[in-house]
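Trainee: I am new to this structure. Please walk me through how to read it.

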Amino acid sequence: MKFDVVIIGGGLVGASLALALKNSGLKIALVESRPPMPLPEDESWDSRIYAISPGSASFLQDLGVWQVLDEARITPVYKMAVFGDDNAARLDFSAYDIGYPELAFIVENRQLQTAVWDALKRQKKHIKMFCPARCASLEWTESHAELHLEDGTLLQGSLVVGADGLNSWVREQGKIEVSRHPYQQIGVVANFSTERRHHNIAHQWFRRDGVLALLPLPGKMVSMVWSLQEEQARPLLDAPEAEVCTQVRNAASRVLGEMQLVTRPAGFPLDFVHVKQLVRSRLALIGDAAHGIHPLAGQGVNLGLRDARELANTLGTRGLEPDCGDYLLLRRYERARKEDILALALVTDGLQKLFANSNPTLVRLRNLGLGITNRLPVIKDRLMQHALS
């Protein structure tokens, strides 16, 4: 079977790219090993959430995804309060200050995945889905790429897009060089009900034991993301519910009062991944296959959605170039994305290292920096404008 674009990986970013190309005139294939889990009938909450930027929400709206989400399960963030580790330094962000209705929207992973896949199923005329399907081998020729699936199916494509995650098989097959280092941290996620209302404010603490964020959910609920050293995260993951609530409440300076678990804590290892190149002839990388950053800024999924948006734009505006796998064409996508990816990677990696350092001089400087930034609206506005895109 011959296609113009073969996308390997049907997560949020890969599926969004497929939808963004539905009216491009290109023949699209999407390969995914398993579909998303169906939404539970008991209306329980997903402990994995995304902070979707207004720019990403607009992109998903254009794809026909955002408007079908359950509004009752989406929470806008109007303000964000960031605290240093000296109980004094503070940095505040407000959507009102820059003329935006909100800074972000907090949405469950499975709600988004389900909405995206439902949209894909309505595009059978433009998008051929192979799911469940596992890749066996991938080879490139001068004129096309050949993907063999484990069931014997052979797909030919002018362009292969790797959207298959941090440990990308596609990236490995393409022999693209990667530098990575583990943070020796685990991101612990859980949802809580709280004694006090959050008033649509996201809270974040740069603590010496890691970065703790409480993100607003509907009503008096919050979603926690706590990046902890491995030796501290494992006991928390195994602790009784009452102990988990006590630790999180105290680490959050009791800003929301007493806390009760809604979903048990889950953990995932944190790695920094830098990809030397995003493209080669007939290959492009997007999403976590193209970069891995620390979650302290909550921007990983937005970075990936901006990849999908830019690659779709590059392919859709290729003009008279008939070959969507042409290297020079794909370099346009790479050049457009490099600065954004590098800037966010350096900022998040630098902040993680800065606040993980116990040097007394650095402790004073980093907290002083938060306070100074809070008094410089021009810098704050620049930071917010980037995060809103």
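Trainee: Which residue in E15 does Gln185 stand opposite?

Mentor: Gln185 stands opposite Gln229 in E15. Some ground rules come next. This is a predicted model, where local features need pLDDT of at least 70, side-chain atom pairs count only at pLDDT 80 or more, and totals for chains, interfaces and linings use all residues. Residues are numbered from 1 along each chain as its sequence is written, and side-chain values use heavy atoms, with hydrogens and water left out.

Trainee: How many helices and strands are there in the protein chain?

Mentor: The protein chain has 10 helices and 19 strands. Both are DSSP runs numbered from the N terminus: helices are H or I with at least four residues, strands are E with at least two.

Trainee: How do I read a sheet?

Mentor: Strands of a sheet pair through backbone hydrogen bonds, either parallel or antiparallel. Here two strands pair if DSSP finds at least two bridges between them. Eight strands form an open sheet with mixed pairing, in the order E6-E5-E13-E14-E15-E12-E16-E19. Its edge strands, E6 (90-94) and E19 (291-292), each pair on one side only. Inside it, E12 (residues 178-194) and E15 (residues 221-229) run antiparallel, joined by nine bridges.

Trainee: Which helix packs on that sheet?

Mentor: Helix H8 (residues 327-356) does, touching E12, E13 (201-207), E16 (259-275) and E19. Contact means heavy atoms within 4.5 Å. The direction of H8 makes about 75 degrees with that of E12. Axes are lines fitted to C-alpha atoms, for helices over the stretch in contact, and angles run from 0 to 180 degrees between N-to-C directions.

Trainee: What is the order of the open sheet of three strands?

Mentor: The order is E3-E7-E4, with antiparallel pairing. E3 (49-52) and E4 (75-77) are its edge strands. The twist averages 25 degrees from one strand to the next. E4 and E7 (residues 104-108) pair over three bridges. Val77 has Ala104 in E7 as its bridge partner.

Trainee: How does the radius of gyration of the protein chain compare with that of a compact globule?

Mentor: The radius is taken over C-alpha atoms, and the globule rule is 2.2 Å times the number of residues to the power 0.38. With 389 residues, a compact globule would be near 21 Å; the protein chain has 21 Å, so the two agree. The C-alpha trace spans about 60 × 45 × 40 Å along its principal axes.
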